Amino acid sequence: MACEREVEAVEETATNNETIKENNMENTQAGVLVLKELPEFKAEAYDAATGHYTEVSSEDYKGKWSVICFYPADFTFVCPTEIAAMNAQLDIINGELGCEVLAVSTDTKFSHKRFVETEPLLKGLKLTIGEDPTGAVSRAFGVMIEEEGIALRGRFLINPEGTVVAQEVQAPSVGRNVNEFLRQVKAWQHATKTGEVCPAGWTPGSKTLPVNTDVEQMTGRVGDYITIEEILN
């Protein structure tokens, strides 16, 4: 079953690549990157932890758990709440989970610096924010809103093998939940380490589905192993 196999990047043929390029020319939004390799990119960035400009690339995030988070723009309203929420959990994300974080918007690194320096919610920010004024990085991830020149809210979780294992993309008006992101990272890391699969809403300490050892007994009988109350708890 698809949910049990090891997560690997799906290889694309040359013909498929040409088709993808053609499709991206027509519609650069809502592309599905799950089970595909982390798109290659290189960008200038502002490192809020040091207060200096730097350069980031896709190579920096290979061999480790990482998340690339796109947001529409600096000096907006929902965006600083998301950035601040992620920053507030950074010790857990970086330390406990060993997950690197890169935020990206179509603003320049100069705008990022000024945004961090003036927005009260971003006081003490430690995140690195990549610039994407041409929209090249946003297009590579399929989140560019061409007519507005900004990115959708896109969050992509990448495993140490460089494969995108989860993505969340939504319109600008509603912010994302950092606690749900933390839950997803913990679930993915557990599933990757144990070979078990995680039911809906799984949190550490909750019951998993050991299909790696009991797949025949569980087929069609998951309800004998876990209840809806346990799932929703």
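Analyst: Start with how elements are named: helices and strands are DSSP runs, numbered from the N terminus. This is a predicted model. C79 is found in helix α2, in a protein chain that has eight helices and nine strands.

User: Is C79 buried or exposed?

Analyst: The cut-off for buried is under 20% relative accessible area. C79 has a relative accessible area of 1%, so C79 is buried.

User: What is C79 in contact with, leaving aside its neighbours within four places in sequence?

Analyst: Contact means heavy atoms within 4.5 Å. On that basis C79 is in contact with Y71, P72, A73 and R153. For separation in space, take C79 and R176: they lie 97 residues apart in sequence, and their C-alpha atoms are 9.6 Å apart.

User: Which residues of α2 are buried, and what do they pack against?

Analyst: The buried residues in α2 are C79, P80, E82, I83, A84, M86 and N87. They pack against β3, α3, β4, α4, β8 and α6. Across the protein chain, buried residues make up 41% of the 233 residues. Of the contacts between residues at least 6 apart in sequence, 65% join residues at least 24 apart.

User: How is a nonpolar core read, and which residues touch the most other members of the largest one?

Analyst: The largest nonpolar core holds 29 residues, and M86, C99, L125, L157 and F181 touch the most other members. Two or more residues of this core come from each of β3 (65-70), α2 (78-88), α3 (90-96), β4, α4, β9 (164-170) and α6 (178-194). A second, separate core has 21 residues, including A45, V104, V143 and V164. As for L125, its contacts beyond four places in sequence are A48, A49, I83, N87 and V116.

User: How many cavities of 30 Å³ or more are there, and what lines them?

Analyst: A cavity is a set of grid points where a 1.4 Å probe fits but cannot get out. The count comes to two cavities of 30 Å³ or more. The largest cavity has a volume of about 140 Å³. It is lined by 13 residues, of which C69, E82, I83, M86 and R176 are the closest to its centre. With four residues, α2 gives the most to this lining. The lining of the largest cavity divides into nine nonpolar, one polar and three charged residues.

The second largest cavity has a volume of about 40 Å³. Its lining consists of R155, F156, L157, A166, Q167, E168, F181 and Q184. By type, the lining of the second largest cavity has four nonpolar, two polar and two charged residues.

User: How do I read a loop residue such as T106, and where does T106 lie?

Analyst: T106 lies in the loop between β4 (99-105) and α4 (109-118). The relative accessible area of T106 is 11%, so T106 is buried, given that the cut-off is under 20%. A polar atom of the T106 side chain lies 3.0 Å from the backbone oxygen of G149. Not counting residues up to four places away in sequence, T106 touches P72, D132, P133, G135, S138, M144, G149, I150 and A151.

Terms used
Residues numbered from 1 in each chain as written. Predicted model: local features only at pLDDT ≥ 70, side-chain atom pairs only at ≥ 80, totals over all residues. Heavy atoms only, no water. Buried < 20%, exposed > 50% of the residue type's maximum accessible area, 1.4 Å probe, protein only. Polar contact = N/O pair within 3.5 Å; in protein donor to acceptor, adjacent residues only side chain to side chain. Core = buried A, V, L, I, M, F, W, Y, C linked by side-chain atoms within 4.5 Å. 1 Å grid on protein atoms, 1.4 Å probe; cavity = no way out; pocket = protein on both sides within 12 Å on 5 of 7 lines; lining within 4 Å. Points joined across faces, edges and corners; volume = space filled by probe spheres on them. Nonpolar A, V, L, I, M, F, W, Y, C, P; charged D, E, K, R; others polar.
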